[in-house]
Amino acid sequence: CADVFRNAGIPAERLFVKPNLIADPLRSAEVPPPSPNPTVLYVGRLAREKGLPTLLQAWRLLAERTSAELRLAGDGPLRRELAAEAAGRHVTFLGQIPPAMLGEELRLAGLVVLPSECHETFGRAIAEAFAWGRPVVTSRLGGQAELVREGETGLLFEPGNAEDLAEKIGRLLADRALRQQMGAAARAHYLAHFAEERAYARLVECHARAVQIHRAHE
C-alpha cells in the first residue's frame with residue numbers, strides 16, 4: 001500500500017507503515033501443541049475473490065490423501081454453491097462466529113489457509129493465526145505475501161493454482177514437526193511485530209515523526 005501511495009506522488013517521508021494491533025490471546029500461557037489430527041481453518045468472507053473455489057478444488061485433490069477436516073469460519077455470497085460442492089468431503093461451514101469461538105477454532109487448528117486472489121492489505125486473520133502459534137498457507141499476492149515468511153512462518157502458493165495449494169496444505173498436514181516449528185516461528189513473529197506493546201510503540205514513533213515533519217514545514 002505504501003508503494004502505491006509513493007507511486008501516486010505522496011512523499012515517502014510522509015508515509016508510515018504500522019501493523020494492526022492484535023491482542024495476545026495467550027499472554028503468559030504456552031502455545032498449544034499442534035494436534036495429531038489437525039483441522040485446516042479458513043477465516044473470512046465466502047466470496048470468489050477470497051479464493052474459495054480454488055480452496056475447494058485443492059481440498060478435492062487432498063480428499064483421498066487425508067482424513068483432516070476443512071473448517072470455514074465466515075459467511076458470504078458463495079456459501080450455498082460451496083456447500084453443494086463440498087458435500088461429503090469433510091468440510092464444515094461454521095458461519096459467522098464470535099471472537100471467543102474463533103479463538104477456540106485457532107487453538108484446535110493445525111494450520112490456517114487464506115487463498116485470497118485479490119490484493120489484500122493487512123490480513124488480521126494471519127496475525128491472529130500467528131498469535132496462536134499456527135502456520136499459514138496463503139497466496140503469493142499483495143499484503144498476505146508480505147506477512148507470511150515463506151518456509152518460516154508458513155507457505156506461499158501461486159494464486160488460483162489448486163494443485164500448488166493442495167501440495168502446500170498436504171505438506172503441512174503430513175508433517176507435525178514442521179507445523180510445530182513454523183508455529184513457533186509464527187508466534188515469535190507475532191510478538192516481535194503485532195503484539196500490543198510493539199504496536200503501541202510503533203504508533204508513538206509515527207506520531208513523533210509526523211510532529212517533526214509538521215514543525216519543519218512551519
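The structure holds 0 disulfides, a disulfide being a pair of cysteine sulfur atoms within 2.5 Å. Cys1 is in no disulfide, and the nearest cysteine sulfur, that of Cys118, is 12 Å away. For Cys206, the closest cysteine sulfur is in Cys1, at 14 Å, which is too far for a bond.

This is a predicted model, in which local features need pLDDT of at least 70 and side-chain atom pairs count only at pLDDT 80 or more, while totals for chains, interfaces and linings use all residues. Residues are numbered from 1 along each chain as its sequence is written, and side-chain values use heavy atoms, with hydrogens and water left out.

Buried means under 20% relative accessible area, exposed over 50%, and partly exposed in between (1.4 Å probe, protein chains only).

| Residue | Relative accessibility | Class |
|---|---|---|
| Cys1 | 55% | exposed |
| Cys206 | 9% | buried |
| His90 | 51% | exposed |
| Arg71 | 17% | buried |

His90 is found in the loop between α3 (79-86) and β3 (91-95); helices (H or I, at least four residues) and strands (E, at least two) are DSSP runs, numbered from the N terminus. Although His90 is not a glycine, its phi is positive, about 60°. Most residues other than glycine have a negative phi.

Arg71 lies in strand β2 (residues 69-73). Leaving aside residues up to four places away in sequence, Arg71 touches Thr39, Val40, Leu41, Tyr42, Thr92, Leu94 and Glu105, where contact means heavy atoms within 4.5 Å.

Two helix pairs follow. Axes are lines fitted to C-alpha atoms, for helices over the stretch in contact, and angles run from 0 to 180 degrees between N-to-C directions. Angles under 35 degrees count as roughly parallel, over 145 as roughly antiparallel, 65 to 115 as roughly perpendicular and the rest as oblique.

Helix α2 (residues 52-62) and α3 pack at an angle of about 5°, with their axes 11 Å apart. The helices α2 and α3 are therefore roughly parallel to each other. Their contact is made by Leu52, Pro53, Leu56, Gln57 and Arg60 of α2 and by Leu82, Glu85 and Ala86 of α3.

The axes of helix α5 (residues 124-131) and helix α8 (residues 176-193) come within 7 Å and cross at roughly 115°. Therefore α5 and α8 are roughly perpendicular to each other. Ala127, Phe130 and Ala131 of α5 meet Ala186, Arg187, His189 and Tyr190 of α8 in this contact.
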